[in-house]
Amino acid sequence: MNKVPTMKTVKTVHKMKKHSTANLFPAPKIFSAMKAFAIVTCMAFMLLTISGCGQQTKSPSDDQPAPVETDSPVPHDTSDTSRETFEEEAVQAETGALGETETTVSEETEKAAEAAEREETTDTAETTEISSAEADTIADTGITAAGTDMPAAEDNETEDQMRLLIGETKVPVTWKDNASVEALRALCPLTIHMSMYGGFEQVGPIGQSIARDDQQTDTSYGDIVLYSGNQIVIFYGSNSWAYTRLGHVDLSQKEMKDLLSNGDVDITLK
């Protein structure tokens, strides 16, 4: 049978419940103290944790002993010094090469100047010689070669100084080097009366026969030839016959016509 609780029992149970509830929910002051204690405990734990991490991340170099000072010199980085030395040597080498090049160019320039001076001196001497020769020719003949055709002398020129005058005019002549010219020269001084013939020449007798070497010849103005061994012919036109060449008057065709086409003339060889 179940017992029916008495009033005393009920009161006891009610007190017990009230005491339990009071233990479960302490007073507000106790709760605040516990909260502050918890916060302080957490902060202390965090500080300890941070301190431990700082010791773990400490650099290995902090544990190494400080270097001991010595009297030996501290080595320096020589890369910059080596580079500067190399650049200085390169500049000196380049300067030396430029100096040698300038010296060589200067020597070559001096040699070229000396060679040019020698050539100029030679040209001046040759010009002087030519001028002297031209002056002699002008003095001997009285006629300049300016404005005249000067045909090249045929065969070898002789150094014979035989002169030819047509009337009173001295004319320049290039004589052949052959036996006929030598024989004619031996007769100098010689004056020959010339006569016009054919409208292209003047012909005159020498007075005797001399050595000849007649060949079929095409003549032109200025040509001097020997005909039949005893007559001299000077052309101001052209012809073709058997002649022995004696020489050539170095004048233009117009000048030859002016001298020979206006009537008979006398010529003088000396």
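Ring pairs join Tyr197, Phe200, Tyr227, Phe235 and Tyr243 into a cluster, where rings of Phe, Tyr and Trp (its six-membered ring) pair if their centres lie within 6.5 Å. This is a predicted model, with pLDDT of at least 70 needed for local features and 80 or more for side-chain atom pairs, while totals for chains, interfaces and linings use all residues. Residues are numbered from 1 along each chain as its sequence is written, and side-chain values use heavy atoms, with hydrogens and water left out.

**Aromatic pairs**

- The structure holds four aromatic pairs, and by their planes such pairs count as stacked (under 30 degrees apart), edge-to-face (over 60) or tilted (the rest).
- Tyrosine 197 and phenylalanine 200 make an edge-to-face pair, at 6.4 Å centre to centre and with 80 degrees between the planes.
- For phenylalanine 235 and tyrosine 243, the ring centres are 5.8 Å apart and the planes stand at 70 degrees, so this pair is edge-to-face.
- Tyrosine 197 is exposed, with a relative accessible area of 52%, whereas phenylalanine 235 and tyrosine 243 are both buried; buried means under 20% relative accessible area, exposed over 50%, and partly exposed in between (1.4 Å probe, protein chains only).

**The open sheet**

- Four strands form an open sheet in the order E2-E1-E11-E4, with antiparallel pairing; strands pair if DSSP finds at least two bridges between them.
- Helices (H or I, at least four residues) and strands (E, at least two) are DSSP runs, numbered from the N terminus.
- Strand E2 (169-171) and strand E4 (190-193) stand at the edges with a single partner strand each, so one side of each has no neighbour in the sheet.
- On average, neighbouring strands of this sheet are turned by 25 degrees against each other, direction ignored; the axes are lines fitted to C-alpha atoms, for helices over the stretch in contact, and angles run from 0 to 180 degrees between N-to-C directions.

**Strand E11 and its partners**

- E4 and strand E11 (residues 266-269) pair in the antiparallel sense over four bridges, with threonine 191 opposite threonine 268 and leucine 190 opposite leucine 269.
- Strand E1 (residues 164-166) pairs with E11 in the antiparallel sense over three bridges, and isoleucine 166 has isoleucine 267 as its bridge partner there.
- In a regular strand the side chains alternate between the two faces of the sheet.

**Helix H5**

- Asparagine 178 caps the N-terminal end of H5, with a side-chain oxygen 3.2 Å from the backbone nitrogen of serine 180.
- In helix H5 (residues 179-186) the buried residues are Ser180, Val181 and Leu184.
- Seen down the axis of H5, these buried residues fall within an arc of 95 degrees, so they line one face of the helix; the arc is that of the directions from the helix axis to the C-beta atoms.
- Exposed Ala179 and Ala186 sit on the face of H5 turned away from its buried side.
- The cover over the buried residues of H5 includes strand E3 (173-175), strand E8 (223-227), strand E9 (231-235) and strand E10 (239-249), as well as E4 and E11.

**Leucine 184**

- Leucine 184 belongs to helix H5 and is buried, with a relative accessible area of 0%.
- Neighbours within four places in sequence aside, leucine 184 is in contact with Met162, Leu190, Ile206, Ile210, Ile232, Leu246 and Leu269, contact meaning heavy atoms within 4.5 Å.
- Leucine 184 and isoleucine 232 are 48 residues apart in sequence and 9.9 Å apart in space, C-alpha to C-alpha.

Definitions and conventions. Polar contact = N/O pair within 3.5 Å; in protein donor to acceptor, adjacent residues only side chain to side chain.
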